[in-house]
Amino acid sequence: MNNNITMTLNADKLILQALQEDISSEDVTTNAVMPKAQHGEAQLICKQDGVLAGLYVFQRVFELLDETISIEFYYRDGDRVKSGDFIGTVRGDIRAILSGERTALNYLQRMSGIATYTNTIATLLEGSKVKLLDTRKTTPNMRIFEKYSVKVGGGYNHRYNLSDGILLKDNHIGAAGGVKEAIFMAKEYAPFVRKIEIECETVEMVQEAIEAGADIIMLDNMNVEEMQKAIAVIDGKAEIECSGNVTRENIEHYISLGVDYISSGALTHSASIMDISLKNLHKI
């Protein structure tokens, strides 16, 4: 989702579903107070410091309701803003502004909150080789928006979905009958161009994974001492990702270990929304 074309191709149907959730037949309140078209404008105001993400999604909500609506933004995705900053001005039919306000703000607040939270953690990794990754712990039907927000905040995307890469987790290993068996079966089934990643919870599992030829080893829910032992066993034979309850409060413990990636579900499932409002609507 690097440009508006990609957004339109992939996100319009999701935005329309969100609008349909909020307007099942009509916006009865708006129709009561605004029975006819009336041109107006409203100001998009930041009420909290943070990093913006989702401005095009915010705009697209209104465009899908009324293609004549125009929005002038004073910032771009990835920009830092402070409480009190004017982010933009929305102009057009007041009825569309009122009907789209909540859905548009829900996207912008959620996406900016994720970008802001991600940025606070990514900043802690500056100067190291470690890349901060998201996970599939996303809100249903929000993944494209949430993973985009992680990138805006300075993180990187792990696989987008189950079709995007091989990651053998504990239940896959159980279903296959063991670490080596799971890796051998994945190698047999998958195209040779795909890397195989496997989740390991013990040093013994790491040793099996190395012997079976895993490309990436995820050290899952290990303490620092266990990870140090596992990294010594891997000894450069595979890329290393560590995961499991990683947050901005404890991430400093992982930086010096020599891992390649740190993944954190908290980027998407624990970020608070950023407080942004659409205010001062008036006729023009």
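I started in strand β8, where Ile-198 is the bridge partner of Leu-168. The model is predicted, so I kept local features to pLDDT of at least 70 and side-chain atom pairs to pLDDT 80 or more, while totals for chains, interfaces and linings use all residues. I number residues from 1 along each chain as its sequence is written, and side-chain values use heavy atoms, with hydrogens and water left out.

**Entry: strand β8**

I took helices (H or I, at least four residues) and strands (E, at least two) as DSSP runs, numbered from the N terminus. Two strands pair if DSSP finds at least two bridges between them. Strand β7 (residues 166-168) runs parallel to β8, and three bridges join them. I then looked to β9 (residues 216-220), which is also parallel to β8 and joined to it by four bridges. There, Ile-217 stands opposite Ile-198. Between β8 and β9 the chain passes through helix α8 (residues 203-212), and this β-α-β crossover is right-handed. That term means a clockwise path from the first strand over the helix to the second, with the strands pointing away from the viewer.

Is β8 mostly covered or open? I found five of its five residues (196-200) buried. Buried means under 20% relative accessible area, exposed over 50%, and partly exposed in between (1.4 Å probe, protein chains only). One side of β8 carries Ile-196, Ile-198 and Cys-200, the other Glu-197 and Glu-199, and all are buried.

**Entry: rings**

I paired rings of Phe, Tyr and Trp (its six-membered ring) if their centres lie within 6.5 Å; planes under 30 degrees apart are stacked, over 60 edge-to-face, the rest tilted. I count three aromatic pairs by this rule. The Tyr-107 and Phe-145 planes stand at 55 degrees with ring centres 4.8 Å apart, so this pair is tilted. Tyr-107 lies in helix α4 (residues 94-124) and Phe-145 in helix α5 (residues 143-152), 38 residues apart. Both residues are buried. Ring pairs also link Phe-58, Phe-62 and Phe-73 into a cluster.

I also checked Lys-131. Its charged end sits over the Tyr-156 ring, 4.8 Å from the centre. The rule asks for NZ of Lys or CZ of Arg within 6 Å of the ring centre and within 35 degrees of the ring normal.

**Entry: positive phi**

Which residue in the loop between β6 (131-133) and α5 did I note? I noted Asn-141, with phi near 70 degrees, positive though not a glycine. Asn-141 is exposed, at 54% relative accessible area. Asn-280, also not a glycine, has a positive phi of about 60 degrees. Asn-280 belongs to strand β12 (residues 276-283) and is partly exposed, at 46%.
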